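Q: Here is a model I would like to learn to read, feature by feature. Please give the general idea each time, then the case at hand.

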Amino acid sequence: MTPKLFFKIFAIAETITWTLLIIGMILKYVTQTTEIGVRIGGGIHGFIFICFVIAVIGVGTSQRWSKKRIATGLGSAIIPYATIPFEVSVAKAGALEGDWGLGANGRTPKNWFEKLTSWAIRSPWLAIGVGIVAVVIIFSGLLFLGPPGEWGK
């Protein structure tokens, strides 16, 4: 899988889950019919949000994005529907072209984070397994904490 396709999948998924969350919020706060949409849509959105963050950092590191571009990518996940325009802009700039920069035929990793990213690209199934476990742990911790508005209460 190319960096371009990998990133596009997560950018689209993030947008779809924003839609689920917004529909849930409309049902809860506008029609006041149910909050199940927020629980389900919010849970799915939270999970995909974490995956998108990992995708931005991983692709950005491999493809040598600037810190500003990585920060912009991370910020795009916070604004509803902004991940697709961000993906289009980085694709148009050529920042998703070619093979993985830290892949099997790519450059030699220089630091621990590039080594970790390179390992994930070169051992994708193992990295996916480890990644799923990591995301589940993070997600479970966030579920345990409850909605952000209730943290620290």
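Predicted model: local features only at pLDDT ≥ 70, side-chain atom pairs only at ≥ 80, totals over all residues.

Q: Where do Phe 6 and Phe 10 lie?
A: Helices are DSSP runs of H or I with at least four residues, strands are runs of E with at least two, and both are numbered from the N terminus. Helix 1, residues 3-30, holds both Phe 6 and Phe 10. They are four residues apart, about one turn of the helix.

Q: How many aromatic pairs does a search of the whole structure find?
A: A pair of aromatic rings is described by the distance of the centres and the angle of the planes. Rings of Phe, Tyr and Trp (the six-membered ring for Trp) pair if their centres lie within 6.5 Å; planes under 30 degrees apart are stacked, over 60 edge-to-face, and the rest tilted. The search finds seven pairs. For Phe 6 and Phe 10 the centres are 5.0 Å apart and the planes at 65°, so this pair is edge-to-face.

Q: Which geometry do Phe 6 and Trp 100 form?
A: Their aromatic pair is edge-to-face, at 5.7 Å centre to centre with 70° between the planes. Phe 6 belongs to helix 1, whereas Trp 100 is in the loop between helix 4 (83-92) and helix 5 (112-122), so the pair ties together parts 94 residues apart in sequence. Trp 100 is buried, at 14% relative accessible area. Elsewhere, one aromatic cluster is formed by Phe 7, Phe 52, Trp 65 and Phe 86.

Q: Which residues form a nonpolar patch on the surface?
A: A patch takes residues with over 30% relative accessible area and no salt bridge; like charges are joined within 9 Å and nonpolar side chains (Val, Leu, Ile, Met, Phe, Trp, Tyr) within 5 Å. A salt bridge is a side-chain nitrogen of Lys or Arg within 4 Å of a carboxyl oxygen of Asp or Glu, and accessible areas come from the Shrake-Rupley method with a 1.4 Å probe, only the protein chains shown counting as cover for residues. Here the patch consists of Ile 12, Ile 16, Leu 20, Ile 36, Ile 40, Ile 44, Ile 84 and Val 88, with about 650 Å² of accessible area together. At least two of its residues come from each of helix 1, helix 2 (36-62) and helix 4. Ile 44, found in helix 2, is partly exposed at 37% relative accessibility.

Q: What is the phi of Arg 64?
A: Most residues other than glycine have a negative phi. Arg 64 has a positive value, near 60°. This residue is found in the loop between helix 2 and helix 3 (67-76) and is exposed, at 54% relative accessible area. Tyr 81 is also not a glycine, and its phi is positive at about 70°. The loop between helix 3 and helix 4 holds Tyr 81, which is partly exposed at 35%.

Q: Which residues does Thr 83 touch, not counting residues up to four places away in sequence?
A: Contact means heavy atoms within 4.5 Å. Thr 83 touches Ala 11, Glu 14, Thr 15, Phe 52, Ser 76 and Ala 77. Thr 83 lies in helix 4 and is buried, with 1% relative accessible area. A polar atom of the Thr 83 side chain lies 2.8 Å from the backbone oxygen of Ala 11.

Q: With which residues is Leu 142 in contact, leaving aside its neighbours within four places in sequence?
A: Those are Ile 50 and Trp 151. Leu 142 sits in helix 6 (residues 124-145) and is partly exposed at 35% relative accessibility.

Q: How many helices and strands does the protein have?
A: There are six helices and zero strands. Buried residues make up 36% of the 153 residues.

Technical notes:
Residues numbered from 1 in each chain as written. Heavy atoms only, no water. Buried < 20%, exposed > 50% of the residue type's maximum accessible area, 1.4 Å probe, protein only. Polar contact = N/O pair within 3.5 Å; in protein donor to acceptor, adjacent residues only side chain to side chain.
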